[in-house]
Amino acid sequence: MNIDQQHNWYNLEPNYRNYLSAVKKIRPISIKNYISDIKYFYGWVASYETHSVSPTTILTEKVLEDYKSYLVTSNIPARTVNRRLSSLRSFCEYLLSQNIIQSDPSKHIRNHTTKPHIEDDILGKFEQSLVS
């Protein structure tokens with residue numbers, strides 16, 4: 001079995017699921033979300049890449065930054081963006097712990113922060129002045 005066959009998502013998923021449950025002590029509903037988020041990422045990768053790649057070789061800082069940009073510009077709520085990024089960080093941590101990858105490409109990927117809209121800030125100040 002070559003490296004691409006050994007490290008495809010379907011071979012990694014059961015062990016990652018066990019890792020989340022046994023090592024990280026994550027609840028089943030959260031595990032379902034983690035798995036869903038990783039599948040969503042690989043679905044995006046399939047549209048991003050024109051050639052077949054293994055799930056481990058596609059994990060680069062550049063690809064993760066592009067994915068984050070895609071999530072943010074797709075008007076996905078910040079909480080969902082951050083959950084998906086958190087799931088990817090956890091997956092990279094798992095791959096690193098199993099020596100499947102040699103470095104963590106997600107270590108510099110930060111959560112998405114939203115800045116308050118100027119209008120909301122002005123309205124908030126106006127509302128506060130009415131109450132005072």
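**Salt bridges in close-up**

This predicted model contains 6 salt bridges, each defined as a side-chain nitrogen of Lys or Arg within 4 Å of a carboxyl oxygen of Asp or Glu. Local features need pLDDT of at least 70 and side-chain atom pairs count only at pLDDT 80 or more, while totals for chains, interfaces and linings use all residues. Residues are numbered from 1 along each chain as its sequence is written, and side-chain values use heavy atoms, with hydrogens and water left out.

**View 1. Lys 39 pairs with Glu 13.** The closest N and O atoms of this salt bridge are 3.9 Å apart. Lys 39 sits in helix α3 (residues 28-48) and Glu 13 in helix α2 (residues 9-23), so the pair ties together parts 26 residues apart in sequence. Helices here are DSSP runs (H or I, at least four residues), numbered from the N terminus. Glu 13 is buried at 12% relative accessible area, whereas Lys 39 is partly exposed at 43%; buried means under 20%, exposed over 50%, and partly exposed in between (1.4 Å probe, protein chains only). Look for Arg 17 too: Glu 13, Arg 17 and Lys 39 are linked in a network of salt bridges.

**View 2. Asp 37 meets Arg 83.** Here the N to O distance is 2.6 Å. Asp 37 is buried, at 1% relative accessibility, and Arg 83 is partly exposed, at 35%.

**View 3. Asp 37 also meets Arg 84.** This salt bridge spans 3.8 Å, N to O. It links helix α3 with helix α5, its two residues being 47 apart. Both Asp 37 and Arg 84 are buried.
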